[in-house]
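Open the model in your viewer and keep the sequence panel beside it.

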Amino acid sequence: MGLPDLNRRHLLATAGGLAVAGSFGFAALGTGADALASNARTRVRYWNLFSGGDGGNMVAMVDAFQKATPDVAVKASTLTWGGPYYTKLAMAAAGSRAPDLAVMHQGRVPGFAPGRLLDPWDLDLLAKYGVKEADFNPVLWQRGIVDGKLYALPLDIHVQLNFYRTDVCRKAGLLDAEGKLPSATSTDDWFRILKSARKHLKPGEQTLGLHANDQNFSWWFFVAFYQQLAGTYFDDARTDVTFDTQKATQVLEFFRRHVTDGYSIVGATDAEAFLAGSPFTWEGDWSVPYYSGQKLGYGAQPLPPVFGTPATHAESHSFVLPHQSDRGGAANEGAYQLAAYLVTHATAWAGGGHVPAYLPTFKDPAYLRLTPQDEYSRPAMAHPATEPHIWFAGSTGILAQHIGPIIAASNLGSTKPDAAARKMKSALEQLLAMKNPMDGHTAAQELTGAGT
């Protein structure tokens with residue numbers, strides 16, 4: 001994704017994406033009927049939530065698939081990113097109007113009632129088109145499995161990164177012999193870096209873009225640093241909250257210090273500040289095409305491992321099969337062909353900043369030439385920090401809606417970090433007792449298959 005403030009909701013508003021944005025894939029083919037009349041044996045209905053740079057990349061990839069597989073026509077539709085997309089997808093699956101293939105954030109899969117609103121992937125049919133488990137990061141693959149069946153075929157992981165300007169960092173003497181910024185390995189080390197960089201800024205320029213008042217970014221950053229401390233959320237049975245308020249307070253105090261020490265300015269437009277001279281900003285990897293398009297000298301690395309253990313927040317765009325009572329036949333096989341093609345031709349997708357889930361991509365010379373992907377992709381894939389695998393988690397999900405504002409309030413100083421940590425634990429206890437509206441089960445009931 002990518003526009004000046006790099007906030008996805010802003011991006012969609014700017015792009016006018018408040019309803020179905022159109023039918024990609026048929027852009028050069030005309031209507032679905034026209035495509036079917038020209039040697040196509042079937043049509044695959046494909047829903048995604050990609051706009052901006054991601055949308056352009058996906059259009060190009062679908063067009064390439066159409067040329068390589070002319071007997072499968074693709075009716076691709078882009079819908080509003082976030083909650084509206086998932087609401088529409090759930091309604092379509094429940095009402096026998098589901099597309100043949102769809103994109104879903106992997107964290108959303110447990111809440112989407114696998115087996116009722118999603119159909120599992122047939123591993124033999126995937127293998128027929130060249131997709132097998134051995135070619136994927138094992139943690140990423142396993143996160144797509146529910147009750148022993150694969151429901152999410154990963155396309156990528158998209159991670160939060162520390163973007164840094166090489167001009168300011170060079171003046172501050174922070175770069176190594178290869179022109180890269182060494183990762184901070186403690187909070188003292190990190191604030192030393194910020195202090196050194198600030199000496200080379202103009203009055204009023206912020207040192208780090210922190211998105212301090214954004215609930216989604218606040219939550220994503222928290223997930224990363226809390227995992228660096230080996231923090232947990234729930235027990236394996238999903239009956240008790242194991243959230244460590246002391247570790248949470250440590251993370252929240254770290255965030256708050258950026259504001260109190262004047263390194264981050266609340267309300268600043270972080271991406272624009274970075275372009276104007278701010279040396280650091282924390283953003284998602286979807287920001288890469290935007291910054292690269294500005295011909296800016298910069299680097300990007302996973303969020304600094306200031307608590308000792310590397311971990312940066314990661315989500316995954318994955319392909320799912322929305323439930324169809326009569327799934328099968330040519331359209332279903334076409335969906336497998338399309339998903340397999342998009343996953344295994346991931347270099348084009350990686351150009352948008354995302355880290356490919358398909359591991360053979362890392363041997364592609366074209367992929368290896370991508371910068372700054374060459375700096376962050378391997379360590380990010382090796383140390384992903386993901387949300388708990390539970391029904392109310394996932395991108396823009398209920399968990400972020402409940403916890404994100406508490407973190408933001410701590411960042412801004414309206415709630416003290418220790419009090420915010422206690423509020424977070426209370427919110428987690430309430431969520432654990434809630435029933436998933438998709439199937440009426442609590443997290444514990446979903447885990448055991450019990451409930452009403």
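What volume does the largest cavity have? It has about 110 Å³. This is a predicted model, in which local features need pLDDT of at least 70, side-chain atom pairs count only at pLDDT 80 or more, and totals for chains, interfaces and linings use all residues. Residues are numbered from 1 along each chain as its sequence is written, and side-chain values use heavy atoms, with hydrogens and water left out.

A cavity is a set of points on a 1 Å grid over the protein atoms alone where a 1.4 Å probe fits but cannot get out; lining residues have an atom within 4 Å of a point. A volume is the space filled by probe spheres set on the points, which are joined across faces, edges and corners.

Select Gln106, Leu140, Arg143, Ala314 and Thr386: of the 15 lining residues of the largest cavity, these lie nearest its centre. Next colour strand β13 (312-315), which gives the largest share of this lining, three residues. Strands are DSSP runs of E, at least two residues, and helices are runs of H or I, at least four, numbered from the N terminus.

Now select Tyr46, Tyr85, Leu101, Trp121, Leu153 and Phe319, which have the most contacts inside the largest nonpolar core, a set of 77 residues. Helix α13 (residues 329-344) gives the most to this core, eight residues. A nonpolar core joins buried Ala, Val, Leu, Ile, Met, Phe, Trp, Tyr and Cys residues through side-chain atoms within 4.5 Å; buried means under 20% relative accessible area (1.4 Å probe, protein chains only).

Definitions and conventions. Buried < 20%, exposed > 50% of the residue type's maximum accessible area, 1.4 Å probe, protein only. 1 Å grid on protein atoms, 1.4 Å probe; cavity = no way out; pocket = protein on both sides within 12 Å on 5 of 7 lines; lining within 4 Å.
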